[in-house]
Amino acid sequence: MRMEIRRLFPGDDAFVTRIAEDVFDEPVRPDRLAAYLASPDHLMIVALFDDMIVGQCAAVIHRHPDKVSELYIDEVGVAPAFQRQGIATRMLDAMFDLGREHGCEEAWVGTEAGNVAARALYEAREEPHGLAEEFVMYVYEL
């Protein structure tokens, strides 16, 4: 079977039954996935190989009252056995297309300074060209 890059829609949560190891940070809970997909500003692209999810890209559309909408790429994950095959690039391309379809004029993504693989993925993009910026993030436990 060929690799398939596919967007998930509300109701597709029942479809997500086989997930390769290390695609997501934690086990996927069906109730959380259903809630995620039900929100119109949450977008998810998956990579399928033989009906198994081997990659995922999740994003959120941020709408502002005073600026253009932007696409925040929240997660990109590919199972180790499928890395370095262009899957993450294909998922990002599909997600950028979705962002444009939803009126987003820019996309942004962050990663840890030491995440060499992620930085190589983001820095390899030619068009549109990304620009790395210094960034400080604060995390609050709620």
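**Strands**

I looked up the bridge partner of Ile45 in β3, and it is Cys57. The model is predicted: I take local features only at pLDDT of at least 70 and side-chain atom pairs only at pLDDT 80 or more, while totals for chains, interfaces and linings use all residues. Residues are numbered from 1 along each chain as its sequence is written, and side-chain values use heavy atoms, with hydrogens and water left out.

I then followed β2 and β3 along their length. They run antiparallel and are joined by 8 bridges. I count two strands as paired if DSSP finds at least two bridges between them. Strands are DSSP runs of E, at least two residues, and helices are runs of H or I, at least four residues, numbered from the N terminus. β2 and β3 form a hairpin with 2 residues between them. In the turn, Asp50 has a positive phi of about 50 degrees.

Next I checked β1 (residues 4-8). It pairs with β2 in the antiparallel sense over 5 bridges. Arg6 has Val46 as its bridge partner in β2.

How many residues of β2 are buried? I find 6 of its 8, so I note residues 42-49 as mostly covered. Buried means under 20% relative accessible area, exposed over 50%, partly exposed in between (1.4 Å probe, protein chains only).

**Helix α3**

I turned to α3 (residues 116-123). Ala118, Leu121 and Tyr122 are buried there. Seen down the axis of α3, the buried residues fall within an arc of 90 degrees, so they line one face of the helix. The arc is that of the directions from the helix axis to the C-beta atoms. Val116 and Glu123 are exposed on the other side. What covers the buried residues? The cover includes β4 (70-78), α2 (87-101) and β5 (106-109).

**Ser69**

I found Ser69 in the loop between β3 (52-62) and β4. It counts as buried, at 14% relative accessibility. I listed its contacts (heavy atoms within 4.5 Å). Leaving aside neighbours within four places in sequence, they are Ile61, His62, Arg63, Gly103, Cys104, Glu105 and Glu106.

**Salt bridges**

I searched for a side-chain nitrogen of Lys or Arg within 4 Å of a carboxyl oxygen of Asp or Glu. The count comes to 4 salt bridges.

Asp41 forms one with Arg63, the closest N and O atoms being 3.2 Å apart. Asp41 lies in the loop between α1 (30-38) and β2, and Arg63 in the loop between β3 and β4, so the pair ties together parts that are 22 residues apart in sequence. Asp41 is partly exposed, at 22%. Arg63 is partly exposed too, at 45%.

Arg100 and Asp97 meet at 2.7 Å, N to O. Both lie in α2, 3 residues apart, about one turn of the helix. Arg100 is partly exposed at 48%, and Asp97 is partly exposed at 38%.

Asp31 pairs with Arg29, with the closest N and O atoms 2.6 Å apart. I read 45% relative accessibility for Asp31 and 39% for Arg29.

**Surface patch**

Trp108, Phe135, Met137 and Val139 make a patch of about 500 Å². Patch residues have over 30% relative accessible area and no salt bridge; like charges are joined within 9 Å, nonpolar side chains (Val, Leu, Ile, Met, Phe, Trp, Tyr) within 5 Å. Areas come from the Shrake-Rupley method with a 1.4 Å probe; for residues, only the protein chains shown count as cover. Val139 is found in the segment after α3. At 68% relative accessibility, Val139 counts as exposed.
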